[in-house]
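Dear colleague,

Please find below the sequence and structure for your review. My notes on the aromatic side chains follow.

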Amino acid sequence: MLPENEIKRVLTVTAHPDDIDFGAAGTVAGFTDRGVEVIYLVVTDGDAGGNERTLDNGGMAELRRAEQIAAARHVGVTDVRFLGYSDGTVVPSLELRRDIARVIRQVRPDLVITHHPDRNYQFIAPSHPDHRAVGGAALDAVYPDARNPYAFPELFLEEGLEAWTVREVWLTSGPTPDHFVDVTDAADRKIKALLSHTSQVAHVEGFEENIRARFQEWGRRAGLPDGHYAEGFQVVPTA
């Protein structure tokens with residue numbers, strides 16, 4: 001794994017507003033507390049989400065962007081980017097790979113955090129088709145697209161974006177996590193980030209209690225003392 005002191009910049013690539021907060025907001029808070037720069041890239045506009053559909057799809061997309069920006073502030077992130085793909089219809093296309101590779105070359109991160117591209121049969125909720133499509137496209141954008149100067153040559157010829165090699169990828173919500181981060185000190189900020197997504201969670205009875213119980217269970221899986229919280233990842237070396 002990358003030594004902690006060699007992680008200076010992190011890019012997260014997720015499908016919907018709120019995905020990063022469920023999967024890794026505590027870890028992100030730990031990064032920003034140490035002075036690491038974290039950039040969020042959200043692929044869809046989130047317009048298929050929400051429980052109370054008093055807004056049209058355009059209004060829901062605008063609301064969800066605002067919620068994600070507010071959530072990011074709770075964990076020290078101010079750079080939030082949106083690709084605007086349609087919620088619920090994402091496929092791991094060449095266009096999506098190019099769009100993610102563009103941001104990788106712009107940001108030049110040491111580490112990318114994204115969705116696991118495989119279905120998790122032990123816990124189906126994170127296996128939304130958009131999640132799996134974005135995770136697969138992000139891995140392809142890391143290797144080989146962003147590092148290959150001959151992939152999507154227009155990124156260099158028209159935009160001046162030189163190739164960049166991401167050294168490591170962390171996958172969220174997969175069936176085989178092999179790296180756990182103690183996020184106990186950031187648990188309250190993770191919850192505040194999640195509660196910022198009012199359109200998605202306000203109607204869920206016992207939401208905060210369920211989230212705390214879920215990530216305390218991750219803490220137990222990680223071998224942490226009782227009452228500690230953890231987030232889990234599968235680490236993929238990509239240097």
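**Aromatic contacts**

Phe-180 is partly exposed, with a relative accessible area of 27% (buried means under 20%, exposed over 50% and partly exposed in between, with a 1.4 Å probe and protein chains only). Please note that this is a predicted model, in which local features need pLDDT of at least 70 and side-chain atom pairs count only at pLDDT 80 or more, while totals for chains, interfaces and linings use all residues. Residues are numbered from 1 along each chain as its sequence is written, and side-chain values use heavy atoms, with hydrogens and water left out.

The whole structure contains four aromatic pairs (rings of Phe, Tyr and Trp, the last by its six-membered ring, with centres within 6.5 Å; planes under 30 degrees apart are stacked, over 60 edge-to-face and the rest tilted). In one of them, the ring centres of Phe-31 and Trp-170 are 5.9 Å apart and the planes meet at 35°, so this pair is tilted. Phe-31 counts as buried at 2% relative accessibility, and Trp-170 counts as buried at 4%.

Phe-180 and Trp-218 also form a tilted pair, at 5.8 Å centre to centre with 50° between the planes. Trp-218 is buried, at 16% relative accessibility.

Phe-31 and Trp-170 belong to one aromatic cluster with Phe-233.

Two charged side chains also deserve mention. The charged end of Arg-221 sits over the ring of Trp-218, 4.5 Å from its centre (NZ of Lys or CZ of Arg within 6 Å of the ring centre and within 35 degrees of the ring normal). Likewise, the charged end of Lys-190 sits over the ring of Phe-215, 4.2 Å from its centre.

Yours sincerely
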